[in-house]
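Visitor: I have a structure to look at and some questions about it. Can you take me through it step by step?

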Amino acid sequence: MDEYNRFVDWDKMDVTVQSQDIKELTCTEFQELKQLARQGYWAKNHSLRAKVYHKLINNIPCRTVTPDANVYRDIVVKIVGKRNSSSLPLPEFVDDSLVPTYCLNAEGIGAVRKIILCIANQFPDISFCPALPSVIALLLHYSKDEAECFEQVCRILACNDPSKRLIDQTFLAFESSCMTFGDLVNKYCQAAHKLMVAVSEDVLEVYSDWQRWLFGELPMVYIARVFDVFLVEGYKVLYRVALAILKFFHKVRAGQPMESDSVQRDIRAFVRDIAKSVSPERLLEKAFAIRLFSRKEIQLLQMANEKALQQKGITVKQKSVTSPRRQNVHLAVHAENFKSEIVSVKEMRDIWSWIPERFALCQPLLLFTTLEHGCSLSRFYSHSEGHEPTLLLIKTTAKEVCGAFLSTDWSERRRGGNKLSFFGTGECFVFRLQPEVERYEWVIIKHPELAASGSEPENHASPASNTLSFRGTPSDPSDRLSPFLSARHFNLPSKTASMFMAGSSECIIIGGGDGQALYLDADLNHGRTSHCNTFNNQPLCSESFQISVLEVWGFRDTVNG
């Protein structure tokens with residue numbers, strides 16, 4: 001076919017989709033490259049794709065000393081020797097059971113293992129990199145020899161641009177990416193997330209497969225199209241495609257019984273056979289239709305999740321003699337230690353599936369209950385302050401149950417002086433458990449005079465947009481809880497300027513998405529709700545209600561005691 005065919009088994013490739021028209025790529029502008037990559041401009045010409053890959057990878061900023069093709073030629077004989085390449089043991093940082101062949105011939109399959117071993121020799125700091133075999137197997141299709149493929153992979157691994165994340169190389173980075181993906185699913189794929197919660201005991205374990213869907217299960221023609229865009233746009237593309245896969249899985253399998261006793265296995269099987277349901281073009285179209293957070297915001301969320309894992313001492317993959325399963329860091333609510341007068345263990349676990357992943361690592365800790373501490377707003381504040389985040393649960397005399405996840409310490413209310421001003425972050429939400437389960441995202445409180453008392457300037461962008469524009473970066477971004485969260489670091493569109501929570505000595509106001517808001521009086525005996533009738537959903541609870549029991553829960557770090 002061309003000079004890049006040494007490792008390809010063309011009998012297994014669909015050559016009918018390959019165009020023999022010689023094309024060239026002359027553009028260098030990012031936006032044009034981005035459009036061409038998404039359109040698959042170089043996808044139907046094997047030689048052109050190889051040349052584009054080389055051009056894009058050679059433009060990656062790398063460490064000063066990055067192993068090249070000559071290094072490979074020098075070390076491969078010493079490392080591999082005369083051993084059969086197909087039986088070479090792989091380093092622990094890759095999954096030996098997941099080395100895709102991607103229509104490679106026998107020489108190519110052996111070359112994957114040889115290159116992995118040489119990379120392990122040159123990159124001793126890599127401790128966990130399950131995507132590496134897939135990347136090598138793919139790039140062998142577009143390399144003249146093993147040494148050239150080795151050099152291309154090394155440049156990807158040695159990228160030193162802090163704003164350009166490519167491949168996870170540590171367990172900490174990988175695990176935090178799984179948590180970040182879980183956060184994104186929770187926000188952008190709520191129907192699929194609800195299904196995962198219903199059929200899986202450990203939601204994060206399901207989401208920890210997200211990179212395997214891409215770099216392992218996805219067929220060659222699909223991952224190649226994803227990689228086309230990935231080399232241009234970066235890591236965010238991977239999140240987009242994985243979210244699209246989950247959306248399609250839910251759409252295709254909705255209402256159908258699981259094919260196995262494990263939703264993980266069902267998703268893997270769906271991805272392997274994705275051609276039966278979705279074309280590569282449709283998959284990418286769906287992926288880019290998702291209005292995702294910005295790259296900067298996702299980066300900060302990833303850093304927040306990494307910091308949460310570090311604080312809990314979860315930085316390396318734990319070896320297990322009895323079980324091959326990955327370390328379970330998503331701790332379920334322990335039934336034996338949990339007692340609430342409002343919700344059951346199952347209901348609390350459902351709530352836990354909604355909260356950001358880094359907080360789901362913790363156990364619930366009862367801070368305040370009206371049954372024990374009385375109906376005093378001052379005692380409510382004294383028991384709640386110093387804890388961030390908190391969970392508010394309310395049971396009414398009419399047996400209604402609702403609540404709110406509150407991401408910010410109640411002590412923040414003092415920043416507004418005597419004025420009732422709003423604070424909190426975009427992760428706040430309100431929910432209803434009885435009579436029906438409903439979660440309301442984002443906060444739109446119909447009291448502009450209250451919102452105006454806040455100190456944050458407004459961004460008079462389109463009210464229809466939920467995008468938060470980044471305003472400033474603290475000296476250490478990892479100290480931030482999350483990217484899209486802190487109001488004082490972002491300009492909020494006018495529609496969302498009245499977000500979050502407010503408290504004074506006279507009342508508490510908590511806003512939720514879809515026009516929902518919750519008002520509690522100072523005696524904690526009465527409350528009322530505000531509901532926008534333009535939305536087709538049920539109100540949080542009765543417009544005016546009496547409180548039977550109110551509880552505030554904190555989050556206890558069980559790993560560090």
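Predicted model: local features only at pLDDT ≥ 70, side-chain atom pairs only at ≥ 80, totals over all residues.

Visitor: Start with helix H3. How many Å does H3 reach from its first C-alpha to its last?
Guide: Helix H3 covers residues 69-80, which is 12 residues. At 1.5 Å a residue, the expected reach is 16 Å. The model comes close to that, with a reach of 16 Å.

Visitor: Within what arc do the buried residues of H3 fall, seen down its axis?
Guide: The buried residues are Ala69, Tyr72, Ile75, Val76 and Val80. In an α-helix, residues three or four places apart point the same way, because there are 3.6 residues a turn. The buried residues of H3 line one face of the helix, so seen down the axis they fall within an arc of 125°.

Visitor: Which residues are exposed on the other side of H3?
Guide: Exposed means over 50% relative accessible area. The buried side has its cover, which includes helix H4 (106-122) and helix H6 (146-157). On the other side of H3, the exposed residues are Asp74, Val77 and Lys78.

Visitor: Is Arg38 buried or partly exposed?
Guide: Buried means under 20% relative accessible area. Glu233 has 9%, so Glu233 is buried. Arg38 has 24%, so Arg38 counts as partly exposed.

Visitor: Are Arg49 and Asp228 buried or exposed?
Guide: Arg49 and Asp228 form a salt bridge, with their closest N and O atoms 2.8 Å apart. Arg49 is in helix H2 (residues 46-58) and Asp228 in helix H11, 179 residues apart. As for cover, both Arg49 and Asp228 are buried.

Visitor: What is the relative accessible area of Asp209?
Guide: The side chains of Arg268 and Asp209 meet in a salt bridge at 2.6 Å, N to O. Arg268 is in helix H13 (residues 263-272), and Asp209 is in the loop between helix H9 (203-207) and helix H10 (210-217), so the pair ties together parts 59 residues apart in sequence. Arg268 is buried at 18%. Asp209 is buried too, with a relative accessible area of 7%.

Visitor: On to strand E3. How many of its six residues are buried?
Guide: Take each side of E3 in turn. On one side Val401, Gly403 and Phe405 are buried, and on the other Cys402, Ala404 and Leu406 are buried. Both faces of E3 are covered. The count of buried residues is six of six.

Visitor: Which residue in E4 stands opposite Gly403?
Guide: Strand E2 (residues 390-396) runs antiparallel to E3, joined by six bridges. There, Lys395 stands opposite Val401. Strand E4 (residues 429-434) also runs antiparallel to E3, joined by five bridges. In E4, the residue opposite Gly403 is Phe431.

Definitions and conventions
Residues numbered from 1 in each chain as written. Heavy atoms only, no water. Helix = DSSP H or I, 4+ residues; strand = E, 2+ residues; numbered from the N terminus. Expected span 1.5 Å × (residues − 1). Buried < 20%, exposed > 50% of the residue type's maximum accessible area, 1.4 Å probe, protein only. Arc of directions from axis to C-beta. Contact = heavy atoms within 4.5 Å. Salt bridge = Lys/Arg side-chain N within 4 Å of Asp/Glu carboxyl O. Pairing = 2+ DSSP bridges.
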